[in-house]
Structures are given as C-alpha cells and as structure tokens.
Amino acid sequence: MRVILLTGKGGVGKTSHAIATALGAAAHRHRVFLLSADPAHSLGDALGRRVGARPVAIAEGVVAREVAVLDELDRSWSEIQRWLRGLLREDTDEVLAEELLVFPGLEELMALRAVREVEATGDFDVCVVDCAPTGATLRMLRFPDALRIFMENFFDLERRGARLLRPLMERVRAAGVVPRDEFFEAIERLYGEVEDVRQILMDGDRTTARLVVNPARVVVEETRRSFAYLSLYGVATDAVVVNRLLPAEAAGGYLARWAERERGELDSIQASFPIPQFRAPLYPRELRGIEDLAGLARDVFGDRDPAEVFMHTRPIRLRKHAGRTRLEADLPGISKEEIEVTTRGSDLIVRVRNASRLIALPASVRGRPIRKARLHDGVLEVDFG
Amino acid sequence: MRVVLYTGKGGVGKTTTAAATAVHAARSGRSTLVASADSAHSLGDVLERRLGPRPSHLAPNLDALEVDTPSETQRHWGAVRDYLISLLRYQGIEEVVAEELALLPGAEEITTLLAVEAYAREGGYDFAVVDCAPTDSALRLLTLPEVARGAFRVLLRVQGALASIVTPLARNLIPVPLPESEVFRDAEHLLFRKLRRLRDFVGDRRTSVRLVVTPERMVIDEARRAHTDLALFELPCDAVVMNRLLPPAAAEEDFFRDWARLQLERLVEVEELFAPLPVLTAPLQDDEVTGLDRLAEHADRLFGAIEPDAVLSTAPRIRFEAEDGGYRVEVPLPHAGSGDLDVAKIDDELVIGTGTRRRSLLLPRRIAHLELSQAKLGGDLLVVHFTAAPGGR
C-alpha cells in the first residue's frame with residue numbers, strides 16, 4: 001500500500017491538499033483511505049461534513065477517519081491505564097491517567113498506528129495522511145528511536161525490578177505503585193506496533209512525505225529545516241506543493257508588493273527543495289467540499305496520478321566506497337557546524353541542531369570507529385575504520 | 001498586571017497582532033512586555049529586533065522576549081531532570097538520548113509559561129501580551145497547570161514510595177541510582193508553589209485570551225472549538241480579532257470582488273457566533289507589517305478608540321446553586337454540540353469532556369455525596385442537576 005504524508009507549517013493548507021490528493025488518487029481508480037493525524041482535526045471543516053473516529057465514505061473510492069488519541073488509548077492500553085489509575089485512585093483523579101499518557105509525539109504516533117490497520121484490511125491501495133504541523137510530526141518520528149532505546153536498555157531491568165519489588169510493596173500496602181506483568185506486556189505490544197510503523201515510514205519505495213508551503217519567508221524557512229529533519233529520520237520527501245500563489249490577475253493591483261515578494265520566495269523554494277514541485281494558486285473564494293477539492297487536485301496534478309512516487313530517494317543509505325562501507329545521509333540546507341556525528345555501540349548518532357537520530361548500523365561496521373565524516377553537497381558521508 | 005494571550009490557527013497573524021497590541025499600549029504610556037511562547041519564534045522578525053530569553057528594551061515602555069524553552073526547562077525542572085538523566089546514563093544510554101527520554105510530558109509547556117509569568121511579574125509591567133503557539137498547543141499550555149497538578153502528584157507518590165519505603169531495602173536489590181532529597185524538593189516546589197502561581201496567573205480576572213481568526217471557514221471552525229475548550233477550563237476570552245479583511249482598494253479589483261463579499265458574510269457570522277465578544281478587525285495590508293511604526297499603524301486600525309489593555313468582555317464562570325431537592329451546576333460552554341459532550345460524576349468530581357478535552361472539577365462537599373440526575377445543554381449553557389441518592393443521606 002502506498003502511503004503519502006502531507007505535512008508543513010500550521011495554516012499552509014495541508015488538510016485541503018491531503019483531501020485533494022486523496023480525491024485525485026481516487027480519480028485514477030485507486031482505493032484510497034484518508035486519515036487525519038492532526039490532533040486539531042480539520043478534515044470535517046474542510047469537507048463541510050462530520051468525519052469521526054469511524055471510517056466513513058466521503059466520495060467515490062475514498063474512505064476517511066480522524067484518529068482520536070484518547071479513544072485509541074482506551075482501546076489498546078487499558079493495562080497501562082489501569083496501573084496509572086491504581087496510582088491515582090486515592091487522589092480520585094481518574095481522567096488524569098489518560099492525560100498523562102499523551103506524551104509528546106505519542107499522539108501522532110497513535111495515528112500512524114492506524115495506517116497499519118488500514119494496510120491490514122487489504123482493501124486499500126493508497127493511504128493519505130493529513131499530518132500535524134511539522135514540529136509535532138518530527139517529534140513523532142523521534143519517538144520510535146527513544147522507545148527502542150528504552151526497550152533495549154531499560155525495559156528488562158524495570159521488569160525484573162518490578163518482580164522483586166512487588167511482594168515487598170504489597171506488604172507495605174503500596175502494591176499499586178509496582179506495575180503488574182500485564183503492564184509490561186502492553187508496553188511490549190506497543191513497541192512491536194511502533195516498530196511496524198517505523199518500517200512503513202522508512203520504506204521510501206512506498207512511503208513519501210509531501211511538504212506544503214506558502215510563498216512566504218517564515219514558512220519557507222521553517223519548511224527547509226523540516227525537509228532536512230525528515231531526511232535525518234529516514235523519511236523520503238518526493239514533492240513540495242507551493243500553495244496560494246497570487247495569480248497574474250491579482251498581482252498587479254493592491255497586492256503588487258506581495259506578488260513581488262512571492263517571486264523572490266519562489267526562487268528560494270526552487271533552490272532549497274531540489275525535488276519535484278507542484279503549484280496551486282490562491283483562489284478568490286474558499287475551497288470547501290468534495291467538488292472544490294477535486295478541482296484543486298486537477299489544478300495541482302493535471303493528468304498525473306497523485307499516488308505516483310514522484311522521486312525515488314533513500315535519505316539514509318549504505319554503499320561501498322573504495323572497498324569500505326560508507327553511510328550517506330541527505331541533509332539539505334544544513335551547514336557543517338550544525339552537525340555532530342558519534343557512535344555508541346551498534347548505533348550511529350547524528351545530531352543536527354537540536355534533533356538527534358540513532359541509526360542502527362549493519363554488522364559489517366558495527367562497533368567500528370568513525371574514520372571520517374564530511375558534508376558534501378548536502379550529503380553527510382561517514383566512513384568507518 | 002493585565003495579561004492578554006493571543007492564540008488561533010497557524011498562519012492567521014497571531015504574532016503581528018500581539019506585537020501591534022504591545023506597541024500601541026506602550027505608546028499610550030503603559031509599561032508593556034510582549035513575550036513569545038511559541039517555540040517557532042517569529043516575534044523578533046515582526047519587531048525587526050533580535051530578541052533574547054530575557055526582556056530586551058525596544059522603545060520607551062516596551063520590552064520583548066522569546067522564551068528559551070530548553071534552558072527554562074533546565075532552570076525549573078533541573079534536579080528532577082538531572083536525576084532522570086543520571087538514571088538513564090547509568091544504563092549506558094548516551095547523554096543525547098537520555099536528555100530526550102527525560103523530557104516529561106507537559107514539562108516544556110509548563111516551563112514556558114513559568115518563564116513568561118516570572119519575567120512579567122519581576123518586571124512590574126502594567127501589561128503583558130503573550131504570543132501563544134497555535135490553538136492546540138496553546139490549549140495544552142493553558143490547561144496544563146490544572147492537569148499537571150495531578151501528574152506531579154503521581155510522580156511524587158511514586159518517588160516518595162521508592163524513597164521512604166523501598167530505598168533502604170532496595171539499595172541491595174536494584175542497581176540503580178536512587179533520587180536524592182533534592183529531587184523531591186524540586187518536585188514539591190514545582191507542585192505546590194510554581195503550579196499554584198501559574199494557576200493564579202492564568203485564572204486571574206485580569207487575564208484574557210483573544211482568539212485570532214481570518215475570514216475563512218476552517219479557521220473560524222477551529223476558533224469555535226477553542227472557545228468551547230477555553231470556557232470549559234474557565235479561561236475567559238475577551239475578544240476575537242479578525243485579520244486580513246480585503247480593504248476597499250482591493251475589493252474593487254475583479255479578482256477579489258466576490259471574495260470580499262464572502263468575507264463580509266464571514267465577519268457578520270463571526271460577530272453573531274461569538275457575541276457578546278467584540279470582533280476587532282484589521283485589513284490585509286499591502287505589504288508585510290514589520291517594525292514598530294508599521295505595527296503602530298496596524299494597531300490603530302485594529303483598535304480605533306479602544307484601549308488595547310482594556311478587558312473587552314467578561315465571560316461567565318461555572319456556578320453552583322441550590323435548587324429544589326439538590327443542586328445545579330451551570331457550566332458555560334459556547335458552541336458546544338450535545339453530541340460531543342460527555343458528562344459524568346466520578347467519586348467527588350464532575351467530569352466534562354468536549355470531544356477534544358476533558359476537565360475534572362472537584363465538587364464542593366455538599367454536592368459530592370449527591371447523585372448526578374440530569375445533564376442538559378441549552379444554548380451555550382450546560383446545566384447539571386444533582387439530587388440526593390435514593391436511600392442516601
């Protein structure tokens with residue numbers, strides 16, 4: 001199943017383009033599932049109808065749903081909640097247990113778990129995801145790494161500790177503090193699911209991100225950084241969609257100066273995003289409902305199939321270079337000073353500004369020291385000794 | 001001190017509006033602080049000045065800052081965090097990773113708000129204007145002081161149990177560093193003093209939220225939901241700001257004519273929807289609004305004769321009232337649909353969910369022992385009736 005993630009700064013038009021992409025793909029006879037992963041759901045607002053947590057057909061060939069994180073948690077992790085509730089009982093603060101579980105990034109990740117479920121049905125060819133604004137999306141991508149580390153280093157110890165502590169705590173009537181075995185099983189299950197999601201996300205042959213931007217300086221600046229971070233987390237971006245370009249008939253009058261600024265921003269978008277570009281004009285009205293958004297899809301994609309992978313890339317890859325294994329990572333628009341590379345055990349740690357990524361190394365270079373790391377034309381090259 | 005927090009969907013012009021409000025107030029003689037609490041800061045760009053994490057003086061009566069969330073988190077939450085990091089590092093986890101893992105949910109939001117509150121209070125300003133993150137994170141930020149109270153209580157219980165009961169015995173059993181008393185001191189301090197202060201700051205009668213919108217359906221829809229959720233947590237809104245209305249000069253152009261008409265319909269609709277909140281309007285400018293002078297002009301158009309620091313409307317609060325055979329609780333919930341509402345009494349709390357957010361309200365003792373007999377939404381008011389349990393006291 002093809003997975004397309006629509007992301008970008010808040011307010012740029014992600015939701016409209018997610019719906020347009022879904023409708024465009026359906027017009028090419030794909031069976032499409034449209035998923036909203038933005039906690040501030042606006043699919044319903046853009047469609048002018050209610051879309052809820054249950055899948056609902058919104059157009060020929062398109063089924064949509066919004067992921068409600070509290071419900072998801074209710075559904076799958078009652079065990080984790082039970083533990084937290086146990087802690088809270090004396091304070092009669094039941095609702096809180098749910099709030100507590102909403103870790104940054106977890107909420108978005110829950111939505112992606114839904115992608116897995118869509119795939120499992122076998123009924124869909126394409127899944128279009130209306131993601132949260134970039135900041136939250138990047139937090140989500142960071143989560144699987146953090147969880148993996150937790151599982152590898154900490155989890156067994158915690159579990160052993162819990163077994164040791166439980167009889168003791170029961171004696172002092174504080175048993176609720178030590179989680180039951182089921183709690184750990186629930187965490188393990190979560191880990192398995194997150195791993196699956198990670199596999200889907202990093203498979204550049206079927207999963208790609210699309211960045212929606214407006215021709216405005218602050219938007220372009222922020223999106224440039226997101227582009228590099230997506231790549232750092234191993235997610236391929238196959239297109240950028242420039243939304244709300246002033247059309248020629250509106251560029252001469254009152255908004256002439258805006259039009260001029262836009263031309264400058266278009267140049268900078270061209271230079272910053274060396275990937276296929278699509279454009280959508282500013283419409284002199286609101287786009288709302290199926291008909292409007294299907295029209296948007298035609299304006300953006302013409303005859304092309306929006307489900308196509310417009311560019312095949314593998315943002316992080318291994319290749320042989322002079323007989324040695326070399327790791328390459330695309331980090332467009334990032335300068336040497338912003339990157340830090342170290343190894344730890346079987347992982348390579350790449351830190352870009354305040355984001356860091358752990359890349360599990362293959363056996364051939366695992367445990368080897370870094371011989372050389374350099375940045376060449378937006379590509380980080382790491383050679384091992 | 002008067003406090004105004006601006007929020008709204010991404011890209012609607014929150015930062016420009018916050019900066020314009022502050023410049024206008026400063027020029028009319030109020031000593032003013034404008035602070036950006038959005039981690040993607042653009043306040044400095046709008047003011048055309050490089051801003052730091054502490055107030056910098058920009059003009060007479062005008063200071064500005066952009067909160068440095070990572071270092072504020074360290075300042076307020078340092079000992080607890082350091083402990084978590086040491087615990088993780090002890091497991092052989094790299095510092096970089098430990099730092100990420102030790103980020104507690106909500107800790108960043110809390111410390112951002114703490115920083116704004118602290119600088120505003122220390123500076124003795126008349127007026128603090130806060131440029132918040134987009135609606136969803138802003139709501140998280142504003143409702144957290146209440147939610148976090150419970151979260152930290154849990155943390156304390158866990159750690160307290162570990163330290164007082166288990167520590168002496170467990171030192172031999174589990175090879176992990178155990179928290180020092182300093183960790184508890186920090187957590188307690190945060191729990192009992194700082195959070196209370198935040199609650200006071202956000203809940204003060206002189207603190208209001210202003211919702212920023214553009215004349216677009218999706219933006220308005222999101223603002224409506226935010227208005228409901230803010231009311232649920234008794235965070236009063238005192239105005240709506242509508243940005244980017246096409247001015248007559250543009251509306252005359254062919255391309256914009258129908259659009260301008262549609263915008264006016266949206267404006268009327270917003271005025272009706274959000275009444276009695278006043279709707280302040282600002283035109284789409286012919287160029288970027290940056291720098292103090294252009295911001296002052298922008299504020300003139302936005303506020304006209306209105307004082308930017310005035311409380312422009314007062315919101316009703318939750319009321320408890322005795323009625324025949326029991327009590328009624330009135331919860332103002334503008335724009336709420338009964339389909340999304342979830343009302344329940346759990347032990348001594350009234351739990352209300354709006355689909356996106358839930359609040360648990362501690363009931364006064366005289367109501368806590370009664371039973372929830374009926375909950376009804378009429379207009380913008382949720383009325384919950386409590387009567388004595390059959391066979392109860």
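Here's a quick briefing, going from the whole chain down to one residue.

Keep in mind that you're looking at a predicted model. Chain A has 385 residues, and 47% of them are buried.

**The chain overall**
- If you count secondary structure in chain A, you get 11 helices and 15 strands.
- Take the contacts in chain A with a separation of 6 or more: 72% of them are between residues 24 or more positions apart.

- On the domain 1 side of chain A, 13 residues are in contact with 12 residues of domain 2 of chain A.
- Two elements of chain A, α7 (134-171) and α9 (217-232), each give two or more residues to that domain 1 side.
- Sorted by class, the domain 1 side that touches domain 2 in chain A has seven nonpolar, four polar and two charged residues.

**A closer look at A:Q277**
- You'll find A:Q277 in strand β8 of chain A, which covers residues 277-281.
- Is A:Q277 buried, exposed or partly exposed? It counts as partly exposed because 15 other C-beta atoms lie within 10 Å, while a buried residue needs 20 or more and an exposed one has 12 or fewer.
- Setting aside neighbours within four places in sequence, A:Q277 is in contact with A:A239, A:V240 and A:V242.
- A:Q277 and A:L211 are 66 residues apart along the chain, and their C-alpha atoms are separated by 9.7 Å.

Key. Residues are numbered from 1 along each chain as its sequence is written. Chains are lettered from A and ligands numbered from 1 in the order in which they are written. This is a predicted model: local features need pLDDT of at least 70, side-chain atom pairs count only at pLDDT 80 or more; totals for chains, interfaces and linings use all residues. Two residues are in contact if their C-beta atoms, placed from the backbone, lie within 7 Å. Helices (H or I, at least four residues) and strands (E, at least two) are DSSP runs, numbered from the N terminus. Ala, Val, Leu, Ile, Met, Phe, Trp, Tyr, Cys and Pro count as nonpolar, Asp, Glu, Lys and Arg as charged, and the others, Gly among them, as polar.
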